[in-house]
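Colleague: Please pick one part of this chain and take me through it slowly. After that, I'd like to know how the rest of the chain is put together.

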Amino acid sequence: MNMVVKIRSLVLPVLMSLGFVFSSACNAESEQTRLLKQRNAEFNKEIIRVSDRVYTAVGYGVSPVSMIVGAKGLIIVDTGISVESAKAIRADFRKIVDKPVKAIVFTHGHPDHIKGGAAFMDTPDVQVWARTDFGHEQHSLAEAGISIQKRRGAMQAGFLLSAEQRINNGIAKAYWPKRKGGVFAVDKSIAPSHIFDTDRQTITIAGIDLELVAATGETHDQLYVWLPSDRVAFAGDNFYKSWPNLYAIRGTPYRDIRSWANAIDSVLQEQPNAVVGGHTRPILGKKRVKETLTNFRDAIQFLFDKTVEGINKGLTPNQLVEYVQLPKKYRDLDYLRPYYGNPQWAIRAIFGGYLGWFDGNATSLFPLSDKQEAERIVALAGGMEATVKQVDNAMRTEDYQWAAQLCDHILAITPNHQQAMLYKADALTALADKILTATARNYYISSAIQLRKKSQKISLSQEP
Ligand SMILES: [Zn+2]
């Protein structure tokens, strides 16, 4: 029997057994999947009246768009991800008040907040305000020639997933880009005409007094908008109802977590009656805003302080994620659940952000290559066949992370090992069902789809 026939003869029965293993493990919907589905209510399409002069459109695209009504016209805060969704919002805003847009404020330069800009350019002289370093995150990666974050971003956003596989993105409804090529391949954005580069600047437009406040957090170019007359704060992506994405798995430079907590504190000091976040529905009512922002700030600060404490004890990132546990009082709050970001990723980001890649363990200075380590692990297990058997055991006992890690060892030695690919795909699919964090869920399922495709391609290439 040649090698090819041998592999294929092994694959079929394994596929069948996997189908059995997986379907039996996933008959009941997990608590995490149930919670994530329940979240979709947060993304219902609606225009919410936030105050006498403020209306926020939610659920049209992935991020809210707000309208501030002045005597002589409108100011728009953030414009959404696409011109198409922004046009629908513009039309519905007109039904409430038919005045011209005089200015747009971007809370930061992320595409999901700026790409709809063109729909609000009622006249060419609309002022477009943003903070200095606008678009810094994308620009710094582009300048270095790094583009992989687009591919990883598409996996994080779940663009490879079918409509049935998608639930939501944790803080936004499921969304597909018009063009292939990645998460940011949508409409062209409009450029800011006015940049502010101080800590705080008051602008008066259309009879509205507005304060723009520097608030480095999720990005360097983040600001929040303070409308004193109505006591409404527009917090940008420094706030939304989820454990915040202090690190994005698509790959981002270090997000200054201390600064993020300070930015929330600064909004809190304004004593708002309402806060409009960068995603999810606004928080209304002075008491609720105070309680929510206080917990949000304190939870971030707790995680940062505890991580630093662990770092100074000499703990490695892998040890830190066990050492730092959020107190139950934060874990139980729905708006701090890890729908989008995940505390473990933030802990690792803090370590890397301050100390870089070296975990402090001398063994890690010059580790074995993946393949060298895998050869030794597989030998320990009693050879390749015995290792595959271990994978099968791990799947049957629902030890999915270990199954995936064992598959990685097999694939490090034999990159085209179809059984390992398919087992890994099933392990990742099972892990996806067990995780609340939508970005991780999307990434797991995307990887599984890619593995199955790759395996299929190998099978086809082996047809006689
Ligand atoms: Zn955003």
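Modeller: Let's start just past the end of helix 6, where Gly 158 takes a positive phi of about 80°. Helices here are DSSP runs of H or I with at least four residues, strands are E runs of at least two, and both are numbered from the N terminus. Keep in mind that this is a predicted model: local features need pLDDT of at least 70, side-chain atom pairs count only at pLDDT 80 or more, and totals for chains, interfaces and linings use all residues. Residues are numbered from 1 along each chain as its sequence is written.

Helix 6 itself covers residues 148–157, and its buried residues are Gln 149, Gly 153, Ala 154, Met 155, Gln 156 and Ala 157. Buried means 20 or more other C-beta atoms within 10 Å of the residue's own; exposed means 12 or fewer, partly exposed is in between, and the C-beta atoms are placed from the backbone. Those buried residues pack against helix 5 (136–143) and helix 16 (438–461). Contacts like these need C-beta atoms, again placed from the backbone, within 7 Å.

Now for the cores, meaning sets of buried Ala, Val, Leu, Ile, Met, Phe, Trp, Tyr and Cys residues joined through C-beta atoms within 7 Å. The largest one has 95 residues, and Ile 75, Ile 104, Tyr 224, Val 225 and Val 275 have the most contacts inside it. Helix 8 (residues 286–312) is its top contributor, giving seven residues. Met 155 and Ala 157 turn up elsewhere, in a second, separate core of 31 residues that also includes Phe 159 and Ala 440. Back in the largest core, Val 225 touches Val 77, Val 105, Thr 107, Leu 210, Leu 212 and Phe 234, leaving out residues up to four places away in sequence.

Strand 2 (residues 54–58) is another well-covered stretch, with five of its five residues buried. Val 54, Thr 56 and Val 58 point one way, Tyr 55 and Ala 57 the other. In a regular strand, side chains alternate between the two faces of the sheet. Strand 2 pairs antiparallel with strand 1 (residues 46–51) over five bridges, and with strand 3 (residues 65–69) over four; pairing takes at least two DSSP bridges between the strands. A two-residue hairpin links strand 1 to strand 2. The hairpin of strand 2 and strand 3 has six residues between the strands, and Gly 59 there takes a positive phi near 80°.

Stepping back, the chain has 16 helices and 13 strands. Of its 464 residues, 48% count as buried. An automatic or database assignment sets the domain bounds, giving domain 1 (43–355) and domain 2 (368–461). Their C-alpha centres lie 35 Å apart, and 17 residues of domain 1 are in contact with ten of domain 2.

Conventions. Contact = placed C-beta atoms within 7 Å.
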